[in-house]
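Student: Could you take me through a close look at one helix and how it sits against its surroundings? I would like a single connected account.

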Amino acid sequence: MRYGIFGDVHGNLEGLEAVLEALAGERIGQYLCTGDIVGYGADPNACCERVREIGAITLFGNHDQACLGMVDLNWFNHVARAAAQWTARRLDPRHREWLATLPPTRRIHDFMTVHSSLPDPWRWIYVTTPAVAAETLQACSDQVVFIGHTHLAEAYRQEDDAVQKVSLRGGGTFTIAAGCRYVVNAGSCGQPRDGNPAAAYAVYDTDLCQVVVKRVSYDVQQAADKILQAGLPEFLARRLLVGR
Ligand SMILES: [Fe+2]
């Protein structure tokens, strides 16, 4: 099976469409969205619509939770809070209901997926170090765990007890090696933060035991303009242009 994996869409329809167009040529058997479909961007409803349309297995992210009013927004910085409130006011009841059904973690085929990290997906801990990646691996028995949340395209490879971080900022291909375990973050499709504004996604081929992480350029300016026109914080438009 070939899985098309993307996440942290954050209401960015231009980023999402570019990723889906790229994945359309990849003989994908199943799409997986690792969460945060909404929050930040100007097109929350259209993004929900597209993710549902392609039948993606979809995880629940912390911004999805925030936009449903299920979390105290005082935990968010003022920009994220303003965006969550803006999104909450505009979310179609249909998509609101759908988002509320999503799980933060799910086991698929022979791998694990979680928006944030394990053992407690509801704490929304960021996997940014080998130590946190090791905790996630320790909390499950699967060889591969796909995550989102940090908006950074990177992987963590555990061999024996040592965990090493591999940056996938410009993309990359690696084989899932016997005896090793992996935490893989495909990066963000709608708000990359690794200094590369191109939308990120991954293809996981379970027959070839191969993961390919790719980047695709899209009309970042248009997505940024929509954010400004919507009256969302200007910072959200600026960060798209630089990928930070
Ligand atoms: Fe996110």
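Tutor: The buried residues of α4 pack against α2 (44–53), α3 (62–67) and α8 (234–242), where helices are DSSP runs of H or I with at least four residues, strands are runs of E with at least two, and both are numbered from the N terminus. This is a predicted model, in which local features need pLDDT of at least 70 and side-chain atom pairs count only at pLDDT 80 or more, while totals for chains, interfaces and linings use all residues. Residues are numbered from 1 along each chain as its sequence is written.

Helix α4 itself runs over residues 78–90, and its 13 residues reach 19 Å from the first C-alpha to the last, close to the 18 Å expected at 1.5 Å a residue (the expected span is 1.5 Å times one less than the number of residues). Within α4, the buried residues are A83, A84, W86 and T87, buried meaning that 20 or more other C-beta atoms, placed from the backbone, lie within 10 Å of a residue's own, exposed that 12 or fewer do, and partly exposed anything in between. These four cover an arc of only 165° around the axis, which puts them on the same side of α4, the arc being that of the directions from the helix axis to the C-beta atoms. An α-helix has 3.6 residues a turn, so residues three or four places apart point the same way. On the face of α4 turned away from this buried side lie the exposed residues H78 and R89.

As for the setting, the protein chain has 8 helices and 12 strands, and 49% of its 244 residues count as buried.

Methods: Contact = placed C-beta atoms within 7 Å.
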